[in-house]
Amino acid sequence: MVRYSSLFGVALLALAPTRAGADMTATYQRPGAVSTAGVLTIEVASNGDVRAGNDDRGYYLWKNGKGYEVRPGPGGPTVIRTADTAAARAGIRPASEIMQPWLPVDTVSINGRKGTRYFISGVSHNPGAMPLVISRDPSLAMLAAGHRRLAAMQESNFPGDDSPERVSFREVIAQGAPIDLLGSQLVSISTAAIPSTRFRVPAAPVAAALVREHQAAVRAATNPAAPTSENMLRGQDRFIKRAVWASDRLWLLTERGTLSSVAPGEINRRTETTPGLPADICVAGAALVILGVDGQMSRLEDRSWHAMQRLDLNGEAVQALSCTDQRVIAVSRNRLVVSAGGRQRTVPLSAPLTGPIVRTAPFDTGTTLLLGLAKGEWGGGLERIDTNTGAVSEVPGLGGPINGVGPEPGHPGCVVATVGLVHFFPSGQVVEACGDKVRRLYYKPYTMQKSWPADPPKLPFETVPFYALTAAADGLWVAGGDGLYAITAGRPITFKIMPPFEQIDGVDISFAVPGLALVRTDIDAHVSLSGGAPLLVAR
């Protein structure tokens, strides 16, 4: 069992500070390791404060008798009060418990220090087994006290766990200071004074309500309720392929063709009756338009559907639907159908659209259809389609799922495209495309630093993903993984924290930001290991 690794510990024990004396810094490292990523540094102040972890990857902080988790966050460190995590996990038992205790095996020497080696019962002969080696050296007493605080902060990682492993671990860690901590060996000790700034809480802690929301989501994902027909239907309602605003309502279309709507203040979504099975929806002239899988277009007026033109789809599935006041464009993998002035024409594509497309973001310039494709872990791209000739060319240099496309404020002829993916790790950026010229407008790393290079040659490993965008009166709004971003002409991009969502018949929806509506979709789960992605609609 790995200890001091996950950064979700909560202090359950109030341990008195050690008596005044010199500070102590201990460094642990795995034998043969060459990377600093695996270095564990434990700093213990003479007043009892403790900091343990890695400056780049996050750390625990015990200050003035309170515990905190500090980890890389979007644009700077994220701080979580360990007491808030404890409260959010109250009454929860771990998914698994180890029923064998830690037992002493022998005495060993680690880098010149002797200690008792412990293994979990029955695994000492396993080559991969990780030991604990405890030294009772009095000179390491301050370090031992720091480890006891860290062990206490770990308690809520395994709430309700009173297994033999858990109980015996507490007893072992009370014997002294680890000189081998599950394979990381103590390599150096320093008693130099530690600057007090090392024990400063680096940012305002996350609100307790958000911690509870996160823990509730984790419980729902790891301990799902027994499936019922109602739960399964509601789960399907979260696979939303398109969201639009019309007639003072938010309209949601699922991948199965179910159309529902909700207005601000309503506590239930209204399932809508449609003339046929919808393939996609859009808004033209402020009215909702649906395109059926049979090609029939219908317009909603006074809560009644009115038949429009029937498009010749030639039996092909619709990948995207674009509507402006001048024309409607339906896109399949092999062709466009353009409807304008009551007439339609079919335009074969010079190259088919390929791959597992889960979401599309169309933007009609009048002569060209720019089509963002999101394919999850398989990437995506921004396709430029000539609506007269059908010539298809990819805007170069983007190389990721394109979740939104819109006109760049103050730059006629240029567009903004959003790139975002969560597949094991988050990644994304906001880019400008002017013809074939592409440049990065913005990115935000997950980092422990509060500032970062504006335009590095290579993006950091983890960055905030960016999803849908929508035009507003003075520019664009972009939905990022951590909140909303406003893009206006001649001004820096500004950030607004993600508003709270409420579940309406199983779907997460927010009307909290004036002029905007947000909804989470799970449709990306088909092609990536991610949670819900925000769709953003102007209202």
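This is a predicted model: local features need pLDDT of at least 70, side-chain atom pairs count only at pLDDT 80 or more; totals for chains, interfaces and linings use all residues.

**Entry 1**

I started with Cys 282 and asked: is Cys 282 buried or exposed? Its relative accessibility is 5%, and buried means under 20%, so Cys 282 counts as buried.

Next I looked for the partner. Cys 282 forms a disulfide with Cys 323, and the two sulfur atoms sit 1.7 Å apart. This pair links distant parts of the chain, 41 residues apart. Cys 282 belongs to strand E16 (residues 278-284), while Cys 323 belongs to strand E20 (residues 320-323). I checked Cys 323 too: its relative accessible area is 15%, so Cys 323 is also under the 20% limit and is buried.

**Entry 2: the other disulfide**

How many disulfides does a search of the whole structure find? I got 2. A reminder to myself: a disulfide is a covalent bond between the sulfur atoms of two cysteines.

Besides the pair above, Cys 414 and Cys 434 form a disulfide, with their sulfur atoms 2.0 Å apart. I found distant parts of the chain linked here as well, 20 residues apart. Cys 414 lies in the loop between strand E28 (402-407) and strand E29 (415-423), and Cys 434 lies in strand E30 (residues 425-434). I also looked up the handedness: the link of Cys 414 and Cys 434 is right-handed, with 115° about the S-S bond.

Which side of the cut-off does each cysteine fall on? Cys 414, at a relative accessible area of 12%, is buried.

Counting bonded cysteines along the chain, I wrote the pattern down as 1-2, 3-4.

**Entry 3: the chain as a whole**

I stepped back for the totals. I count 5 helices and 40 strands in the secondary structure of the protein chain. The chain has 539 residues, and 51% of them count as buried. Its accessible surface comes to about 24700 Å², with 53% belonging to carbon and sulfur atoms. I looked at contacts as well: among those with a separation of 6 or more, 52% come from residues 24 or more positions apart.

**Entry 4: cavities**

The largest cavity has a volume of about 50 Å³. Its lining includes Asp 312, Leu 313, Ser 332 and Arg 335. Which strands each supply at least two residues of that lining? They are strand E21 (328-331) and strand E22 (335-340), and E22 gives the largest share, 3 residues. By class, I noted 7 nonpolar, 1 polar and 3 charged residues.

**Entry 5: a pocket**

Last, I turned to the second largest pocket, which holds about 900 Å³ of space. I find 33 residues lining this pocket, and those nearest its centre are Ala 243, Val 244, Pro 362, Leu 469 and Thr 470. The lining divides into 22 nonpolar, 7 polar and 4 charged residues.

Here my first entry comes back: E16 and E20 are among the strands that each supply at least two residues of this lining. Those are the strands that hold Cys 282 and Cys 323. E28 is another contributor, as are strand E12 (240-246) and strand E40 (533-538).

Notes
Residues are numbered from 1 along each chain as its sequence is written. Side-chain values use heavy atoms; hydrogens and water are left out. A disulfide is a pair of cysteine sulfur atoms within 2.5 Å. Helices (H or I, at least four residues) and strands (E, at least two) are DSSP runs, numbered from the N terminus. Buried means under 20% relative accessible area, exposed over 50%, partly exposed in between (1.4 Å probe, protein chains only). Contact means heavy atoms within 4.5 Å. Accessible areas come from the Shrake-Rupley method with a 1.4 Å probe; for residues, only the protein chains shown count as cover. On a 1 Å grid over the protein atoms alone, a cavity is a set of points where a 1.4 Å probe fits but cannot get out, and a pocket is an open set with protein on both sides within 12 Å along at least five of seven lines; lining residues have an atom within 4 Å of a point. Grid points are joined across faces, edges and corners, and a volume is the space filled by probe spheres set on the points. Ala, Val, Leu, Ile, Met, Phe, Trp, Tyr, Cys and Pro count as nonpolar, Asp, Glu, Lys and Arg as charged, and the others, Gly among them, as polar.
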